[in-house]
Amino acid sequence: MDATQLLKGVLDVAVLAVVEDEDGYGYDVVRRLRAAGLEEVGDASVYGTLRRLYTAGALTSYVVPSEEGPHRKYYGINAQGRAMLELQRKVWTEFSTTMNNLLTSSTQPGEAA
Amino acid sequence: MTTSTVTPEIVAFAQGVRAALADLPAEEVDDLTDGLEADLAEAYAEDLQRELPDPGAYATELRAAAGLPMRTKAKSGVLSGLAQSWTDTRTDVGVAIRRNPALASVVEFLGELRPAWWIVRAWLAAWLVAAFFGNERGYGLAGSWWLVAVVFAVISVQWGRGRWQGKGVPALIAIGNVVAVLAFLPVMAAADDGSDGGDFDRGFASGVDATVNDPPQDGLLLRGQPVTNIFAYDAAGKALRNVQLFTQEGKPLEAHGSRSDDNTCAADDCSTVWQPGQLETGQSVFNVFPLGTVAAEWDDEAQRTVPKQGAFSVVPKAPFLKVPGVFTPKKVANSND
């Protein structure tokens, strides 16, 4: 199974989770996701997701100018984003439990149809 | 934060990405690629071995993740320009709605009602088709036309759920939705109008209206013929004069053409007018029979025909001098017998 396909469905909640504790700019979020084990995540996918979550009202955004180089755009979570994260956590927990049960039981001899 | 330099390659790459997004509104492109150079510079400073991907592929990934529409082929022409600006407007409105929590929740709520709309538009379509053949019945349909409505409902719901969508179907749905929205109120009005009966009932009612409630010439009719005067005879069969007649509702009975307001002409050429009776109260009334007539002339000042001064009222000759008397038994019959 291709992990990048699975990642597409959960990138929103993953991005929300990494900005929950601390605001981050695009590549910073990418780095944190990779550090957490999602090594195949694409830069552009993360930037696009940040943008979409911002548009959906789940994130705030502000620009931090830099003296040395180009400015950075930071994203932070807001109340709506937290609510979304909370909901998606529950959905994920239930879903993963269901999948775990399904996959565990289907490996039992005689039950795999 | 890592301090990093933006190389010319990165600048060129970022330009390529922006060019690949050029079909989106400028504001959207800015928001999407804001900080792109800084992010890229940092990423490549960390890993010098990395190669920059294809800007087009990168832009496509960015677009997909941001939930933006895929690049539309740049077409020329008024129609595609209109379509493009329509798409842009929809995107802008969508963004504005999502940014406003109150609006967003309203839109979300309306979104939950979509299945209801699928049914409504199916009913609308079935009603319109049935109405074309004269088979609508108020809000409902005649007999087997309900089957058509059910078929339409199934198609509509399947379309709403994104099923059965072949080539050209989305355009058909869009046009159908516009027609349905435009037709909704007129159809509701027509359906409501028809809900108290079909065409026949309405026609019958309007016919009754025409005969009963649309009095072109107030007054009495006998089998369609105007009754201009009434001659009363007493029980003995003797002609009576100055008989006051009233309807069952107590309204003064007015013969045809004897209305008290303007048209009081008794003769076709208006050489005579009806002469009202005079009550003790001084009131002039036209329910005193038989009505008399009086010679008349046109009065320029009053702009109407008025009785000639000094003319005498003439009571038209009764049709019968005497009629048979009414038989009255000496004993009053007991209704219990």
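How many bridges join S2(A) and strand S3 (residues 72-77) of chain A, and in which sense do the two pair? I looked this up first, and found that S2(A) and S3(A) pair in the antiparallel sense over 6 bridges; strands pair here if DSSP finds at least two bridges between them.

**Conventions.** I noted that this is a predicted model, in which local features need pLDDT of at least 70 and side-chain atom pairs count only at pLDDT 80 or more, while totals for chains, interfaces and linings use all residues. Residues are numbered from 1 along each chain as its sequence is written, chains are lettered from A and ligands numbered from 1 in the order in which they are written, and side-chain values use heavy atoms, with hydrogens and water left out.

**Sheet of chain A.** I took helices (H or I, at least four residues) and strands (E, at least two) as DSSP runs numbered from the N terminus. On that basis 3 strands of chain A form an open sheet in the order S1-S3-S2, with antiparallel pairing. Strand S1 (24-25) and strand S2 (59-64) stand at the edges with a single partner strand each, so one side of each is left without a neighbour in the sheet. For one bridge I noted the residues: Tyr62(A) has Tyr74(A) in S3(A) as its bridge partner.

**Interface of chains A and B.** Taking contact as heavy atoms within 4.5 Å, I found 27 residues from chain A and 28 residues from chain B in the interface. The buried area, meaning the accessible area (1.4 Å probe) that two parts lose on being put together, summed over both, is about 2400 Å², and carbon and sulfur atoms give 49% of it. With a salt bridge defined as a side-chain nitrogen of Lys or Arg within 4 Å of a carboxyl oxygen of Asp or Glu, the rule finds 7 across this interface. One of the salt bridges I looked up joins Arg31(A) to Glu42(B), with the closest N and O atoms 2.0 Å apart.

I then asked which elements of chain A supply the side that touches chain B: helix H2 (26-35), helix H3 (43-55) and S3 each supply at least two residues. The largest share, 10 residues, comes from H3(A).

**Thr49(A).** I placed this residue in helix H3 of chain A and found Thr49(A) buried, with a relative accessible area of 1%; buried means under 20%, exposed over 50% and partly exposed in between (1.4 Å probe, protein chains only). Not counting residues up to four places away in sequence, Thr49(A) touches Leu11(A), Asp12(A) and Val15(A) as well as Ala65(B) and Ala66(B).

**Chain B.** I counted 10 helices and 11 strands in chain B, and buried residues make up 28% of its 337 residues. In helix H3 (residues 36-46) of chain B, 9 of the 11 residues are buried, so this helix is largely enclosed by the rest of the structure. Glu42(B), the salt-bridge partner of Arg31(A), is among the buried residues of H3(B).

**Arg63(B).** My last entry concerns Arg63(B), which lies in helix H4 (residues 55-65) of chain B and is buried, with a relative accessible area of 2%. The side chain of Arg63(B) reaches the backbone oxygen of Ala20(B) at 2.8 Å. Leaving aside neighbours within four places in sequence, the contacts of Arg63(B) include Leu21(B), Asp23(B), Leu68(B) and Arg71(B).

Methods. A polar contact is a pair of N or O atoms within 3.5 Å; within protein, one must be able to donate a hydrogen and the other to accept it, and residues adjacent in sequence count only if both atoms are side-chain atoms.
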